[in-house]
Amino acid sequence: MNSAMFPLEEILSNYKFKGEYTGYVVMNNGHINNTFALTFNDNGAEKTYILQQINTNVFKNPDILMQNYVGVTEFVQQKVKEAGGNVKREALKVYYTNGGKPYYLDKEGKYWRVINFITDTVSYDFPENTELCYKAGKAFGGFQQLLQDYPADKLFETIPNFHNTVSRYADFEAALSADKMGRAAEVQAEIEFVKMRKDDCAVLLDLLEKGELPLRVTHNDTKLNNVLFDKETGEGICIIDLDTVMPGLSLYDFGDSLRFTGNTADEDEKDLSKVSFNTAFYRSYTEGYLSAAAESLNDAEVYYLPFSCKIMTLECGIRFLTDYLNGDVYFRISRPEHNLDRCRTQFALVADIEKKYDELMAITQEIYSALK
Ligand code: ADP
Ligand code: GN1
Ligand code: MG
């Protein structure tokens, strides 16, 4: 019992779980949090809870993070109720500790939270077909639509400048000049790739400043595996990983999602010949996304959809490269050059998006005009 990867006794004695504890499964497909599914035997019925260790290297202020998290989850619960949905399966819920807190601070100073396990769902680490892309787009578009009237002034910035690409570029420059691991010399091609695209980094922020793009409440981490799909219907029923819900641009969510879903290869594929941007997946995702979100978007937000794929992919590649230069201190890695492989994949994808740009613009306008 005591060899668990979390402080089992402390967790069990600080929460009111239903039933007898029977075991746990590790669910670490993300790069940030440590996630466990804890199972209990409740008079013969199996009951599961999600336990997550909050990564305090990434989220410096867990107290504020959990205030956001509780606010957003309660808001989503309310919206699901109003729409006549199933709150237990379509919304996350935070369980409070016996001491009345939305997180548990253990004796070693680690932060934990317990949330409901969404039953009978599946999450994907790879987009299998166009139908799945459509459903993912619809789910994230729907989530954006749902958060439309969330009071943005109630949200703290859990990670300041998270999708501020100009600031990500500055972080890259700082890592490069420090070069504390002595790795810069071997990644000159990647460094050049970024430098040649410096001007792209400011495009969305300039449009925001000019008032052409509105600030909204966005998810900011719209990877395919952050949607739980119903096992039976295949529909995306619950959006998870809500740590980065903050004010942002709709384009951050769209572009970041296609960065992952539009890639014909894994995010960390070493064989770059496998990396390309799947325009059929782009089409399906965009159809799903616009079917759910188009009515709240302005023309500029639609016009820049292809650009958002390029810039969010570039930004993520810059972040992987920066982390590689810094000595892999942010993203969880499972091999020495993992971040470099991830960075190269992102840049190969950026290059392919650039090649296919006109086609992506045409697809977008075709779908948008059909909806208007
Ligand atoms: P990370 O920030 O590390 O990506 P996530 O919150 O996305 O962490 O959780 C990691 C994985 O755990 C998810 O991709 C999903 O498979 C599973 N998971 C997380 N929360 C739930 C939940 N409430 N119900 C069912 N599965 C979940
Ligand atoms: C991280 O937690 P996860 O794996 O869903 C990261 C995202 C990156 C992504 C790259 C808080 O997401 O911003 O796009 O890795 N999340 C955070 O795979 O930094
Ligand atoms: Mg995740």
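A polar contact here is a pair of N or O atoms within 3.5 Å; within protein, one must be able to donate a hydrogen and the other to accept it, and residues adjacent in sequence count only if both atoms are side-chain atoms. By that rule, a polar side-chain atom of Tyr330 lies 2.5 Å from an oxygen atom of ligand 2.

Some housekeeping. This is a predicted model, where local features need pLDDT of at least 70, side-chain atom pairs count only at pLDDT 80 or more, and totals for chains, interfaces and linings use all residues. Residues are numbered from 1 along each chain as its sequence is written, chains are lettered from A and ligands numbered from 1 in the order in which they are written, and side-chain values use heavy atoms, with hydrogens and water left out.

Staying with ligand 2: Lys223 has a polar side-chain atom 2.7 Å from one of the ligand's oxygen atoms, and for Arg259 the corresponding distance is 3.5 Å. The protein covers 98% of the 450 Å² of accessible area that ligand 2 has on its own; areas are Shrake-Rupley with a 1.4 Å probe.

Around ligand 2 there are 18 residues, and His31, Lys223, Glu267, Arg319 and Tyr330 are the closest. To be counted, a residue needs a heavy atom within 4 Å. The shell holds seven nonpolar, four polar and seven charged residues, with Tyr counted as nonpolar and Gly as polar. Helices are DSSP runs of H or I, at least four residues, and strands are runs of E, at least two.

Now ligand 1. Which residues come nearest to it? Of 19 around ligand 1, they are Gln52, Asn116, Ile118, Asn226 and Asp241. Oxygen atoms of ligand 1 have an N or O atom of the Gln52 side chain at 2.8 Å, a polar side-chain atom of Asn226 at 2.9 Å, and a backbone N or O atom of Asn33 at 3.0 Å. Alone, ligand 1 exposes 540 Å², of which the protein buries 94%. Strand S3 (45-53) and strand S6 (111-116) each supply at least two shell residues. By class, the shell around ligand 1 has nine nonpolar, nine polar and one charged.

Why is ligand 1 placed between the domains? Domain 1 (8-119) and domain 2 (130-371) both give residues to its shell, so ligand 1 lies between them. Ligand 2 lies between these domains because both also contribute to its shell. The bounds come from an automatic or database domain assignment.
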